[in-house]
Amino acid sequence: MNKLLFFAHLKDEAGAETLSIDVSGKTIAELKTIVSEQHGLTKIDSVMTAINEEFAEDDDIIQQGDTIAFIPSVSGG
């Protein structure tokens with residue numbers, strides 16, 4: 001199983017702050033597609049992701065037990 005963490009407006013859109021699903025062996029890009037289709041997060045492609053607290057790229061492969069965080073960009077002044 002993998003733990004997904006959603007921050008800021010994403011947790012509202014996902015309807016949860018965390019989700020547990022098995023996505024081991026998939027890439028971050030594949031996970032973003034799954035999350036978009038299953039939870040309606042249409043702008044998930046534009047957010048930063050991290051695997052186990054280290055920034056990740058779309059082609060990084062998720063391992064069993066990894067925690068994946070979706071972090072939207074922040075703007076302000």
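## I51 in strand β3

I51 is found in strand β3. Helices (H or I, at least four residues) and strands (E, at least two) are DSSP runs, numbered from the N terminus. This is a predicted model, in which local features need pLDDT of at least 70, side-chain atom pairs count only at pLDDT 80 or more, and totals for chains, interfaces and linings use all residues. Residues are numbered from 1 along each chain as its sequence is written, and side-chain values use heavy atoms, with hydrogens and water left out.

I51 is buried, with a relative accessible area of 13%. Buried means under 20% relative accessible area, exposed over 50%, and partly exposed in between (1.4 Å probe, protein chains only). Not counting residues up to four places away in sequence, I51 touches I28, A56, D60, I61, I62, D66, T67 and I68. Contact here means heavy atoms within 4.5 Å. I28 and I51 are 23 residues apart along the chain, and 9.1 Å separates their C-alpha atoms.

## The chain as a whole

The chain has 2 helices and 5 strands. From the N terminus on, the elements run β-α-β-α-β-β-β. The radius of gyration is 12 Å, close to the 11 Å that the globule rule gives for 77 residues, so the chain is as compact as a globular protein of that length. That radius is taken over C-alpha atoms, and the globule rule is 2.2 Å times the number of residues to the power 0.38.

The C-alpha atoms fill a box of roughly 40 × 25 × 15 Å, taken along the principal axes. Of the 77 residues, 34% are buried. Among contacts with a separation of 6 or more, 53% come from residues 24 or more positions apart.

The 5 strands form an open sheet with mixed pairing, in the order β2-β1-β5-β3-β4. Its edge strands are β2 (18–21) and β4 (54–56), each pairing on one side only. Two strands pair if DSSP finds at least two bridges between them. On average, neighbouring strands are turned by 30° against each other, direction ignored.

Strands β1 (residues 2–6) and β5 (residues 67–71) run parallel and are joined by 4 bridges. K3 stands opposite T67 in β5. Helix α2 (residues 28–39) lies across β1, β2, β3 (48–51), β4 and β5, at about 70° to β5. Axes are lines fitted to C-alpha atoms, for helices over the stretch in contact, and angles run from 0 to 180 degrees between N-to-C directions.

## The core and its ring pair

The largest nonpolar core holds 18 residues, of which L4, F6, L31, V35, I68 and F70 touch the most other members. Elements β1, α1 (9–14), α2 and β5 each supply at least two of its residues. Helix α2 gives the most, with 4 residues. A nonpolar core is a set of buried Ala, Val, Leu, Ile, Met, Phe, Trp, Tyr and Cys residues joined through side-chain atoms within 4.5 Å.

There is 1 aromatic pair. The ring centres of F6 and F70 are 5.4 Å apart and their planes lie at 10°, so the pair is stacked. F6 lies in β1 and F70 in β5, so the pair ties together parts 64 residues apart in sequence. Rings of Phe, Tyr and Trp (its six-membered ring) pair if their centres lie within 6.5 Å; planes under 30 degrees apart count as stacked, over 60 as edge-to-face and the rest as tilted. F6 is buried at 1% relative accessible area, and F70 is buried at 0%.
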